[in-house]
Protein chains: 2
Amino acid sequence: MTTRDPQATGLARLAGLIADETRATCLLALLDGRAWTAGELARHAGVAASTLSEHLGRLVAGGLLAEERQGRHRYVRLADARVAQLVEDLAAQVAPGRSGRPRNLRESSAGSAMARGRTCYDHLAGRLGIVVTDALTARGLLQQETGFALTDAGLAWFAAAGIGLERRGRRPLARACLDWTERRPHLAGVAGAALCRRALDAGWCVRIGSERAVKVTAAGERALFDLLGVEATALR
Amino acid sequence: MTTRDPQATGLARLAGLIADETRATCLLALLDGRAWTAGELARHAGVAASTLSEHLGRLVAGGLLAEERQGRHRYVRLADARVAQLVEDLAAQVAPGRSGRPRNLRESSAGSAMARGRTCYDHLAGRLGIVVTDALTARGLLQQETGFALTDAGLAWFAAAGIGLERRGRRPLARACLDWTERRPHLAGVAGAALCRRALDAGWCVRIGSERAVKVTAAGERALFDLLGVEATALR
DNA sequence: GGGACACTTCGGCGGCGGCCGAAGGGTCCG
DNA sequence: CGGACCCTTCGGCCGCCGCCGAAGTGTCCC
């Protein structure tokens, strides 16, 4: 074993962090953008707390997760949008292989709620995400012709709606994120995150249970129509 | 072990394909966009041919590589641009951790050639990629404000230069790819690939040895100046 | 046809890593 | 201050997987 390319070593190590079913389960759960406690994740993944503790240690050490300790709780969340994007991209690559259908009504209805609307780390996805993205595009606020980009009208629309778009670091304003239920791109990036935050803050949609699924409220239907001309029926 | 989320299983399996140093070495080598024989990769990775054969089997079965058998040779290449993008993204995530400096002059000079210009699967990267991207941007052909996108002038420029841009599937015309030596985004996507192909076909740059590194020729310096106003000194 | 060559299959070895339960600390609350 | 709770550390078990060399298959070329 002579000297190996450090790039390859790093790549293998990074992939190795994701290459475990329990850790992958955690990363996917954390795509909801919130901080989970170690115990929640252990129950979610179906392993002993001790086992999960070690997994979290690795993920944090590897830079994929950020942790915050509060009292006797250890909260973890994805380290940054970049990591979330990476996990999303990998998951999207996998999606075509989704073969199994839901086994019972509960899973089926949960799956359907997820398909209707959910969050992808910090932006909207599912049918909801697609509908919003399409509406933005149809109104000339977003252009997808030569890559995802906000138009001048789009920038004005965000400003008029009072949704601030402050660029942080290298994160692009607009970015396409491939949806694994719709198989079409939807709006991510700074604009996607700001829009999602506004939707949740203003009560346009609310989270269902502790999952990533979200439900559009009556106020949300009104806002979607007023701001983007979207009919409520488009969401069903 | 109760029933697990199939998404997590798939994600872990996909990451597992990359999570081996030998396989990672292969994937990085294949980022040059060309087809390698099994033997070349075995030598490159420093393992027995039998070992590498099994690795290739897994990578092909997992959909990361495509293979073509010709006589007694087995040629493999990355399955598609999507896979290449995934590997690039993962490698870019790793890059900040690059700590070791080159150990001798040969590595140093090879590394420096790589830093000056190289291909990323099918588009230009390194200093060369950045310079071209900057020039396109400075001339109003590419805008980076709200995500990477070609402007109307940019589309006209490609047409005038006789570089065809046919959209295939979902691949975006313009996309940002983060460079791991320059730490800045450069042009990828359909436009990046077309530009790179033209540069190689027209002899504007040539590959150095069997690596990803490329060298700008005298004709290339002239073309860069004529088409984009880039001074040759910007490349050194 | 024979020999060189590229790759694959097989058997066996060794190490890594995920799993658990038990035991140990730290924190909160009554 | 005592008990409940959340998390972590440790030791041990087990299975997976990457490695190799030897033998086998297929292809090319003389």
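## Charged pairs, confidence first

Reply: In chain A, pLDDT stays under 50 over residues 97–107. The model has 5 contacts beyond four places in sequence for residues 97–107 of chain A. This is a predicted model. The mean pLDDT of chain A is 84. In chain A, 87% of the residues reach 70 or more.

Now the charged pairs. Side chains of opposite charge can pair when their charged atoms come close. A search of the whole structure finds 6 salt bridges over all chains. The cut-off is a side-chain nitrogen of Lys or Arg within 4 Å of a carboxyl oxygen of Asp or Glu.

Take A:Glu67 to begin with. A:Glu67 forms a salt bridge with A:Arg69. The closest N and O atoms of A:Glu67 and A:Arg69 are 3.5 Å apart. A:Arg69 is at 59%, so it counts as exposed. The exposed class needs over 50% relative accessible area. The pair also belongs to a network: A:Glu67, A:Arg69 and A:Arg74 are linked by salt bridges.

Next, A:Glu68. A:Glu68 forms a salt bridge with A:Arg77. Their closest N and O atoms are 3.3 Å apart. A:Glu68 counts as partly exposed because its relative accessibility is 37%. A:Arg77 is partly exposed too, with a relative accessible area of 31%.

Chain B has a pair to set beside these. B:Arg69 forms a salt bridge with B:Glu67. The closest N and O atoms of B:Arg69 and B:Glu67 are 3.5 Å apart. B:Arg69 is exposed, with a relative accessible area of 57%. B:Glu67 is at 30%, so it counts as partly exposed.

For contrast, look at helix H7 of chain A, residues 126–138. Its buried residues include A:Leu128, A:Ile130, A:Val131, A:Val132 and A:Leu136. A:Gly126, A:Gly129, A:Thr133 and A:Ala135 are also among the buried residues of H7(A). Buried here means under 20% relative accessible area. The helix length checks out: at 1.5 Å a residue, the 13 residues should span 18 Å, and the end C-alpha atoms are 18 Å apart, which agrees. Just after H7(A), A:Gly140 takes a positive phi of about 75°.

How values were computed:
Residues numbered from 1 in each chain as written. Chains lettered and ligands numbered in written order. Predicted model: local features only at pLDDT ≥ 70, side-chain atom pairs only at ≥ 80, totals over all residues. Heavy atoms only, no water. Buried < 20%, exposed > 50% of the residue type's maximum accessible area, 1.4 Å probe, protein only. Helix = DSSP H or I, 4+ residues; strand = E, 2+ residues; numbered from the N terminus. Expected span 1.5 Å × (residues − 1). pLDDT = per-residue confidence, 0-100. Contact = heavy atoms within 4.5 Å.
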